Amino acid sequence: MTSRPAAGGGRWVEVDPARVARWVEGFADRHGPPTTTVEAYGLLLAAPDGATAELHTPPGAPAAADVPGFVAAAAAPRRLGLLLARKGAVAVGVAVGEELVVSKVDTRYVQGRTAAGGWSQQRFARRRDNQAKAALADAVELAVRLLLPEAAILSALVCGGDRRAVDIVLAERRLAPLAALRAERLLDVPEPRHAVLVGAIAAARAVRILVRDPAPDRAG
């Protein structure tokens with residue numbers, strides 16, 4: 001389980017689907033038995049002491065009306081497409097449950113910053129821009145070849161890395177069926193490698209929970 005502060009207060013925790021039921025039990029133990037409300041994002045748990053937990057439905061999982069249904073849907077195997085892009089590297093894959101069944105990683109060199117006293121900044125910028133465009137063109141073709149044939153049977157497409165790079169790839173007209181499956185979640189990943197792609201499966205399947213603790217008692 002990972003945790004990080006949330007904009008606007010509270011904290012995000014990411015929980016493996018198999019541990020969600022236990023997490024909810026712990027929330028109830030700490031804050032009292034919560035009421036459950038169905039929301040657009042998933043379920044809202046509101047405890048008697050004022051604490052809340054927003055359980056966000058993971059990519060590709062169906063909506064649920066209660067916690068047992070949510071847990072079952074989150075843990076069920078789904079066929080997810082993965083598209084990770086950053087700088088000159090792209091990784092695409094298809095995961096069924098926790099297993100990566102299709103994968104390809106492509107790395108193309110993109111020049112970094114020039115040292116002081118190097119060639120002109122304009123020349124450097126043009127070369128770097130051309131290298132980046134070539135890398136994204138490769139990413140498009142990789143997605144067309146490996147992900148597009150899977151579009152009809154994917155539950156969702158989960159992307160990660162640099163948002164602008166992913167946006168450019170999915171703007172390709174041929175990839176419209178994949179763009180329609182794109183999940184709102186953007187995974188924070190380093191430069192794509194095979195190990196990063198494998199690790200992205202757990203992140204794509206994790207249940208994100210926004211926890212807000214009760215307001216401090218200012219009485220007296």
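Modeller: Buried means under 20% relative accessible area, exposed means over 50%, and partly exposed is in between (1.4 Å probe, protein chains only). This is a predicted model, where local features need pLDDT of at least 70 and side-chain atom pairs count only at pLDDT 80 or more, while totals for chains, interfaces and linings use all residues. Residues are numbered from 1 along each chain as its sequence is written, and side-chain values use heavy atoms, with hydrogens and water left out.

Colleague: Got it. How many helices and strands are in the protein?

Modeller: The protein has 6 helices and 11 strands. Both are DSSP runs numbered from the N terminus: helices are H or I with at least four residues, strands are E with at least two.

Colleague: And what share of the residues is buried?

Modeller: Of the 220 residues in the protein, 41% are buried. As for contacts (heavy atoms within 4.5 Å), take those between residues at least 6 apart in sequence: 59% of them join residues at least 24 apart.

Colleague: Let's look at a helix. Which residues of α6 are buried?

Modeller: In α6, the buried ones are Val196, Leu197, Ala200, Ile201, Ala204 and Arg205. Looking down the axis of α6, you find these buried residues within an arc of 165°, so they line one face of the helix. The arc is that of the directions from the helix axis to the C-beta atoms.

Colleague: Nice. What sits on the face turned away from the buried side of α6?

Modeller: That face of α6 carries Ala195 and Ala202, which are exposed.

Colleague: How far does α6 reach from its first C-alpha to its last?

Modeller: With 12 residues, α6 reaches 18 Å, close to the expected 16 Å. The expected span is 1.5 Å times one less than the number of residues.

Colleague: What about α1, how far apart are its end C-alpha atoms?

Modeller: For α1, residues 20-31, the end C-alpha atoms are 16 Å apart, which agrees with the 16 Å that its 12 residues should span.

Colleague: And which residues of α1 are buried?

Modeller: Val20, Trp23, Val24, Gly26, Phe27 and His31 are buried in α1. They cover an arc of only 160° around the axis, so they are on the same side of α1. On the other side of α1 you will see Arg22, Glu25 and Asp29, which are exposed.

Colleague: What do the buried residues of α1 pack against?

Modeller: They pack against β2 (11-15), β4 (42-46), β5 (52-56), α2 (67-75) and β11 (207-212). Have a look just after α1 too, where Gly32 takes a positive phi of about 100°.

Colleague: You mentioned α2. Which of its residues are buried?

Modeller: Val67, Phe70, Val71, Ala73 and Ala74 are the buried residues in α2. Seen down the axis of α2, they fall within an arc of 165°, so they line one face of that helix. Their cover includes α1, β3 (35-39), β4, β5, α6 and β11.

Colleague: Surrounded by what? Which residues does Arg208 touch?

Modeller: Leaving out residues up to four places away in sequence, Arg208 touches Arg4, Trp12, Val13, Glu14, Glu54, Leu55, His56 and Arg185.

Colleague: Where does Glu54 lie?

Modeller: Glu54 lies in strand β5. Glu54 is buried, with a relative accessible area of 15%. Aside from neighbours within four places in sequence, Glu54 is in contact with Tyr41, Leu43, Leu44, Arg208, Ile209, Leu210 and Arg212.

Colleague: How far is Glu54 from Val38 in space?

Modeller: C-alpha to C-alpha, Glu54 and Val38 are 10.0 Å apart, and they are 16 residues apart in sequence.

Colleague: And Asp16, where is its place?

Modeller: Asp16 is in the loop between β2 and α1. Asp16 is partly exposed, with a relative accessible area of 34%.

Colleague: Last one: is Pro190 buried or exposed?

Modeller: Pro190 is exposed, with a relative accessible area of 51%. You will find Pro190 in the loop between β10 and α6. Not counting residues up to four places away in sequence, Pro190 touches Arg86 and Val196. The C-alpha atoms of Pro190 and Gly160, 30 residues apart along the chain, are separated by 9.0 Å.
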